[in-house]
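Here is a walk through one protein chain. Keep the sequence and the 3D view side by side as you read.

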Amino acid sequence: MDTSKRWLIATTLAAAVATVSGACDRDPGGTKRPADVAGERKYAAVQWEKRRLAGGADDDTSLISPYRLNASDAGVTLIDFYPKQIKRFAHGGTGTWTFGREGGGPGEFRNPSDVKLDARGRAWVLDGANSRITVLTPGGAVEAHIPLSNLPGQPHEIVPVSGNRAILIMSRQPEKPIIIVNSEGAVEKTMRFPAPEFSSQHYLAAQQITSSDARTGRWISAYRLADGFFLFNEERPLSFRGWFVEPIPFPALVTKRVNGGVSTELQDKPLPAARSATFSTSAVYVLFGGASSDRNKVIDAYSTENGSYLQSFLLPEAVREIAWYNGGFYTLRDDPEPELAYWRPVGTTIP
C-alpha cells in the first residue's frame, strides 16, 4: 500500500473515532498520581510465535482499514472502515462473514466508530453519522436498528450491557459524558465520569478508549492521551482508579483564530497513552504508546480487582490494537500493509 493511501486511511480513522502501576483506593476519582505508585515496568520473559491470519501483503485485499478488534469463541470481529463493513474471521483466519456497505439505509454505515460483542455473541455497531446502533446476530444478520436521534451529539464508544441496553461515551459532553440508552434508543440515564478532572478538560485532551468483558459485564475506559483508567461493572464505577505504569500528562492544546472564529487543536505529536485494551480471564491488558522506543509494542497487565499493575509483555513488532484470546493476543497493524495476526507465547499462556 503506498504512503498516500496509508495517510488517507489513518486520517479518516482518526476523524471517525474523534495505563498503571497502582490503584488509588483512598481517592477513587483522584486527579493526582499517588507518590507511592511505582513507574518501572516488570517484563515477563516470553518467546512469541506469530501467525498471520489476514492481510499483510499487497495481493491480500481481505483487509483495507481494520480497527476495533474483538475476539471471542465465535472468532475475530472488527470494523473495516474504508469499505464501511463489519467482518468476522474464524480463529484460523478464514473469513466467516462480512456485513455492510457505505450509505444511510438499513444495513449501511457512514461512520462506524466502534463495535463490541455482548454476552450472546451479538455485535453492536455504533454509527454516529447515521444516528443509530446496528445489532448483528452471531451469524452476521441484522437483528435490530436502535435510533440515537435524541442524543445531544455523536457518541464514539459503545458498551453493550444487560437488558438490551447500551452505554455510550460522548467526550463532547464533559459534565455527563456517559449515556445509557434502552433498546428503543431512549435515554435512561446520564452519568458523570468518575474523575474530577474530566469535566474541566477539553474533549480533545480527555479522549477515551473502551473495552468490555461480555462474560462479566465489566468494562474499562482509559485515557488515550493522559494518565489512568477506570473500571466499571455495567453502569457502576468500581471503587478505585488505575494509574498507568508510565505516567502521561494531559496534552497541550493550541487555540487559533480561524475565519473570525476560534479553533482549539492538540499540540503537534502529543504522547499517546492507551492505544487499545482487552480483558482476559484474570486481568485487563493495555497496549501502550508512551515515550519509549518500545511504544506500541508494550502490553501492560493490570488487576481487575484493584487496578494494580501486574507485569508487562513486549511484542517483537509495533501493533495498533490487541485482543486477548485463549492465552495469546490477536493484533492489528497497518504498516506496511493492514494485517491481522495472532501472537502465541511459546511454552506458556497469558492468563
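Two strands count as paired if DSSP finds at least two bridges between them. Strands themselves (E, at least two residues) are DSSP runs, as are helices (H or I, at least four), and they are numbered from the N terminus. This is a predicted model: local features need pLDDT of at least 70, side-chain atom pairs count only at pLDDT 80 or more, and totals for chains, interfaces and linings use all residues. Residues are numbered from 1 along each chain as its sequence is written, and side-chain values use heavy atoms, with hydrogens and water left out.

Start with the sheets. Strands of a sheet pair through backbone hydrogen bonds, either parallel or antiparallel. Look at β3 and β4 (residues 75-80): five bridges join them in the antiparallel sense. There, tyrosine 67 has isoleucine 79 in β4 as its bridge partner.

β7 runs antiparallel to β8 (residues 123-127), and five bridges join the two. Proline 112 stands opposite aspartate 127 in β8.

Now turn to the interior. In soluble globular proteins, nonpolar side chains tend to be buried together. Buried means under 20% relative accessible area, exposed means over 50%, and partly exposed lies in between (1.4 Å probe, protein chains only). A nonpolar core is a set of buried Ala, Val, Leu, Ile, Met, Phe, Trp, Tyr and Cys residues joined through side-chain atoms within 4.5 Å. The largest one has 19 residues, and those with the most contacts inside it include Ile220, Ala222, Phe229 and Tyr302. Two or more residues come from each of β16 (218-223), β17 (229-233), β18 (236-244), β21 and β22 (283-288). A second, separate core holds 16 residues, among them Ile167, Phe193, Ala195 and Ala226.

Contact means heavy atoms within 4.5 Å. Setting aside neighbours within four places in sequence, alanine 222 touches Gln207, Gln208, Ile209, Gly228, Phe229, Phe244 and Ala274.

Charged side chains come next. Side chains of opposite charge can pair when their charged atoms come close. A salt bridge is a side-chain nitrogen of Lys or Arg within 4 Å of a carboxyl oxygen of Asp or Glu. How many salt bridges does this rule give? The count comes to 27. One of them joins glutamate 157 and arginine 68 (2.4 Å, N to O). This pair links distant parts of the chain, with glutamate 157 in β11 (residues 157-161) and arginine 68 in β3, 89 residues apart. Both glutamate 157 and arginine 68 are buried.

Arginine 241 and glutamate 197 form another salt bridge (3.1 Å, N to O). Arginine 241 sits in β18, glutamate 197 in the loop between β14 and β15, and 44 residues separate them. Arginine 241 counts as buried because its relative accessibility is 2%. Glutamate 197, at 7%, is buried too. Salt bridges that share partners also join Arg68, Asp114, Lys116, Glu157 and Arg224 into one network.

Finally, visit the loops. Between β26 (328-333) and β27 (339-345) lies proline 336. The peptide bond from aspartate 335 to proline 336 is cis, with omega near 10°. Lysine 269 has a positive phi of about 50°, although it is not a glycine. Lysine 269 lies in the loop between β20 (261-266) and β21 (274-279). Is lysine 269 buried or exposed? Its relative accessible area is 83%, so lysine 269 is exposed.
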